[in-house]
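Visitor: Please show me the sequence and the model, and then let us go through what has been computed from its atoms.

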Amino acid sequence: MNNVDLIVATLKAAGIQRGFGIPSGNVLPLMEAMRRGGVDFVLTAHEGSAGFAADVTGRLTGAPGLCIATLGPGATNLATGVGCAFLDRSPMIALTCDLNSDQIGRRIQMWIDHHTLFKPITKATLRLERGRIGETVAQAVALALSEPMGPVHLDLPEDVALAPTNEAVPPPAPRAKIAPAPDGAIARVGELIAGAKRPIAVIGSSAMRMADAALLRQVVERHSLPFATTTMAKGLIDEDHPLALGVIERACRQHQRRLLRSADLIIGLGYDTVEVEYEAWIGDVPLVQVDIEAVDIATSVKLARQATGDLDQSLARLTALPASRNTWTEAALAEHRQQFQSALRPPSPSFTAHAAIDAVRRALPREGILSFDVGAHTHQIASQWSAHAPKSFLITNGWSSMGFGLPGAIAAKLARPDLAVVCLIGDGCFQMTCGEVAVAKRLGLTLPIVVLDDKWLALIKVKQIRRQFPLYGTALQEEDYREPPAHYFGVPAVGVRSADALEAAVRKALAVNGPTVIEAVVDSEHYVDTVYD
Ligand SMILES: Cc1ncc(C[n+]2csc(CCOP(=O)(O)OP(=O)(O)O)c2C)c(N)n1
Ligand SMILES: [Mg+2]
């Protein structure tokens, strides 16, 4: 056995089944060890996509996602996906294959210092050294999986990769545990909830990583708490729940802000401010924060109490308290939901972006997975979409990088072949990542790739309009759209111009082998009213 075999065996023992990346010569020993050792190497079109795919794999499988790149430009490309796992807190191992040890630090083609590159976007950046390989990889896995989860970078010099070893495959290293929140803090949070007349819970992205997401529903039901969520936390409780209020700080956010500011207590449950700071929306309402870390707030926020510790344990203890009541009525919540949802869909004679999003929702089975991207469509999707299951609504919001949607969908379909997966992205994001269409084709994935063709970087266009800048540098396409090409890289492409045609095209694409590109020619003028209202 040589060191690459040991690395692969250690990663496999941690539950890692595949790694995404792009090779160069010095990645070949690792790739060959993956082939021999039964960890799939998935070739992507761009290393950034490999990072996003690994991030989503980490979210969905419970083992860290693995991504692999060569030195220098491979590493810098990869960094965009690694940053995603850092701010969105997904467990990840990012592996760069480097020059021989005696060349590192010299002025040699492609070489830069990977540790300096990855330091600000990882939990640790470690060099793999002879004699300490198994232990280093096992520690990296444990660190990636310790809360707050995140990426760990490993650098592998080529001579180390090829060197023989007699190290044994190590047992998994223990993960660091978060201590339970103090009893006094939980008791006080319970009192504040019991004393509130109009409390609202807001669930955030730390809750995505709970061992038992059902505790969220139990706690809100126990204390009759209407609940909203951040973008990433959608689906942790089925949004059909009578206490559901929908998402905050996305399209028609003023509608949600008015309700939130009419509360007399906000209870953040796993609310990570990386998605949106409290001060953006909370106004004067007192805050109770239940999370794994101390809250990050501006001085304007009235913090009544925080309970910092293991989130599963905090919610289990809050659920065990006597039930509390408040003055909300189901009818009032239902009316709010209805008004919010209708404000998101301004009537129009044309085929609107909001109608396209509804059509995709109708075509995707309830428990199916949506992977989408970053733009005005993100805001619209987040507010409009109803998510019914945890891990069914895949987006980056902490990192908010364009380019997440398509590699995210590919990784989701690989991790959950049993579920229908749809990719729904803007035309700007498609232009950034369309090479990944070839990857979906090579893998034979059943995957409708719906592109919202609105001819603009619409989110930035809306911001230009709001700030009274002339429209400049934000148009993606000058001439009117005709028909899509017959195919992209051999993947059939169809153009649709109505909600019915889109729904039918998605249903059809979910029933065939292999991906389909569906270009929905939409009018997104309504974003000016619905997004950043
Ligand atoms: C890597 C990266 N570059 C730039 C941005 C800024 N940005 C956010 S949304 C957006 C436009 C996306 O365009 P498109 O995919 O067409 O979506 P739309 O806004 O039209 O819905 C841009 C440029 C970003 N978030 N990430
Ligand atoms: Mg667009």
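Visitor: How many nonpolar, polar and charged residues does the shell around ligand 1 have?

Guide: This is a predicted model, in which local features need pLDDT of at least 70 and side-chain atom pairs count only at pLDDT 80 or more, while totals for chains, interfaces and linings use all residues. Residues are numbered from 1 along each chain as its sequence is written, chains are lettered from A and ligands numbered from 1 in the order in which they are written, and side-chain values use heavy atoms, with hydrogens and water left out. Counting Ala, Val, Leu, Ile, Met, Phe, Trp, Tyr, Cys and Pro as nonpolar, Asp, Glu, Lys and Arg as charged, and the others, Gly among them, as polar, the shell has ten nonpolar, six polar and two charged residues.

Visitor: Which helices each supply at least two residues of the shell around ligand 1?

Guide: Helices here are DSSP runs (H or I, at least four residues), numbered from the N terminus. Those that each supply at least two shell residues are α14 (376-384), α16 (427-433) and α18 (458-466).

Visitor: How much of ligand 1 does the protein bury?

Guide: An oxygen atom of ligand 1 lies 2.9 Å from a backbone N or O atom of Trp456, and a polar backbone atom of Leu459 is 2.9 Å from an oxygen atom of the ligand. Taken alone, ligand 1 exposes 590 Å² (Shrake-Rupley method, 1.4 Å probe), and of that area the protein buries 78%.

Visitor: Is Ala94 buried or exposed?

Guide: Ala94 is found in strand β4 (residues 92-98), a strand being a DSSP run of E with at least two residues. Because its relative accessible area is 0%, where buried means under 20% and exposed over 50% with a 1.4 Å probe and protein chains only, Ala94 is buried.

Note on methods. Polar contact = N/O pair within 3.5 Å; in protein donor to acceptor, adjacent residues only side chain to side chain.
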